[in-house]
Amino acid sequence: MAVKTIEWRGDRVFMIDQRLLPGREVVRRYDDYRGVAEAIRTMVIRGAPAIGVAAAMGVALGFRDFAGGRAEARFDRIAKTLRATRPTAVNLAWALERMERTLRENLALDGARLFRRLRAEALAIYAEDLAVNRALGKFGAELLDAEATVLTHCNAGALATAGYGTALGVVRAAREAGKRIAVYADETRPFLQGARLTAWELRKDRIPVTVIADNMAGTVLRSGRVSCVIVGTDRTAANGDVANKIGTYPLAVMARRHDVPFYVAAPLSSIDLACASGELIPIEERAPKEIVEFAGKMVAPKGVGVFNPAFDVTPAELVTAIITERGVARPPYAESLARLKRGE
Ligand code: MRU
């Protein structure tokens, strides 16, 4: 995809404002970590790996004017602000831990050198994410027949990562391998990542995409038109329970009901072995207005109760396989995921 999700240029960070897509392509500039934190919180940028990259760049920005002194205290302040933005995507904590390690290993450097080292680490996280998606995509593509239709939920594409995508990376890799792949995209209420973002980036790449409302997925699965479901993940627990965009769990239940394989595209940075099972994954709840307003207009009576969890957890037993950059994990996941994490 030609448009960049996030970019470090001239010691500033640039992001396409995903809230305005597909209507307008507006690129915003960020000069400090507070702005980056606000961009993550308000979903200018979203998607677990992209949030991780943004947080790493945010830390680097926070050291741009560092003249020496209490580097660790400065880091703690920056990390606290960034960590508070969105709780479910473990890539955020993962990227901050990596930046913290880099900081601690380089405390002897003077201010300007320390900034350059942190900048290099943030750019490495960005570049590695691209490479990870390509590797993961290749493994995933092998699971698809020469002609296949993929149903996906939310946006686990170029816009959710440094580029290329995880679930949509599998689609892209399969097409690069000469396979004929079409996509059904759930619109993904309430933020419409499927209708707005997945459809937008697939159209840009001329990949056939059909948008459906979330409540149509059962009918589409039952029709036999779908070869497999592929989704991304914000955090996958050690036992293979998968946290992803709200609506993923019912999709997995319906896929099982209709014997359709349910795949999760998960870079190892989103697999959290410290989290034993899905019950321990913190689930973000977002503002009621995302539910009761649509395109700025009230669609429910004022004062009505609202429940708006942004993610759900799909139990491992409903997951056919988890696709990572080091290969495809199959059940039992406690063993296969640990092995892949260790690099075996
Ligand atoms: O709330 P969002 O848009 O950040 O949620 C994104 C998702 O649920 C994605 O599927 C997940 O982050 C994986 S992105 C490769």
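This is a predicted model: local features need pLDDT of at least 70, side-chain atom pairs count only at pLDDT 80 or more; totals for chains, interfaces and linings use all residues.
Residues are numbered from 1 along each chain as its sequence is written, and side-chain values use heavy atoms, with hydrogens and water left out.

**Stop 1**

Select residues 6-9, 12-16 and 27-30. The strands β1 (6-9) and β3 (27-30) are the edges here, each pairing on one side only. Together with β2 they form an open sheet in the order β1-β2-β3, with antiparallel pairing. Helices (H or I, at least four residues) and strands (E, at least two) are DSSP runs, numbered from the N terminus. Two strands pair if DSSP finds at least two bridges between them. From one strand to the next, the twist averages 25°.

Now look at β1 and β2 (residues 12-16): they run antiparallel and are joined by 4 bridges. Which residue of β2 stands opposite Trp 8? Val 13 does.

**Stop 2: helix α2**

Is α2 mostly covered or mostly open? It is mostly covered, with 15 of its 15 residues buried. Buried means under 20% relative accessible area, exposed over 50%, and partly exposed in between (1.4 Å probe, protein chains only).

Try the distance tool on the ends of α2. Its end C-alpha atoms are 21 Å apart, which agrees with the 21 Å that 15 residues should span at 1.5 Å a residue. The expected span is 1.5 Å times one less than the number of residues.

**Stop 3: the seven-stranded sheet**

Next, find the open sheet of 7 strands, ordered β6-β5-β4-β7-β10-β15-β16, with mixed pairing. Its edge strands are β6 (209-212) and β16, each of which pairs on one side only. The twist averages 25° from one strand to the next.

Select β4 (residues 147-152) and β7 (residues 228-231), which run parallel and are joined by 2 bridges. Leu 151 stands opposite Val 229 in β7.

Then move to β15 (residues 321-324). In a regular strand the side chains alternate between the two faces of the sheet. In β15 both faces are covered: Ala 321 and Ile 323 on one side, and Ile 322 and Thr 324 on the other, are all buried. β10 (residues 262-265) pairs with β15 in the parallel sense over 3 bridges, and Tyr 263 stands opposite Ala 321. With β16 (residues 327-329), β15 pairs in the antiparallel sense over 3 bridges; a hairpin of 2 residues joins these two strands. Ile 323 has Val 328 as its bridge partner in β16.

Finally, show residues 167-176. This is helix α6, lying across β4, β5 (180-186), β7, β10 and β15, and running at about 160° to β5.

**Stop 4: around the ligand**

Select the ligand and the residues around it. There are 19 of them, and Arg 46, Arg 86, Gln 193, Asn 244 and Lys 245 come nearest. A residue counts here if one of its heavy atoms lies within 4 Å of the molecule. How far is a polar side-chain atom of Asn 244 from an oxygen atom of the ligand? That distance is 2.6 Å. For Arg 46, a polar side-chain atom lies 2.8 Å from a ligand oxygen atom, and for Gln 193 the distance to a ligand oxygen atom is 2.8 Å.

**Stop 5: Thr 161**

Last, zoom in on Thr 161, in the loop between β4 and α6. Thr 161 counts as buried because its relative accessibility is 1%. Its side chain makes a polar contact with the side chain of Asn 133 (3.4 Å). A polar contact is a pair of N or O atoms within 3.5 Å; within protein, one must be able to donate a hydrogen and the other to accept it, and residues adjacent in sequence count only if both atoms are side-chain atoms. The backbone oxygen of Gly 163 lies 3.0 Å from a polar atom of the Thr 161 side chain. Leaving aside neighbours within four places in sequence, Thr 161 is in contact (heavy atoms within 4.5 Å) with residues including Thr 5, Pro 49 and Asp 129.

Conventions: Axes are lines fitted to C-alpha atoms, for helices over the stretch in contact, and angles run from 0 to 180 degrees between N-to-C directions.
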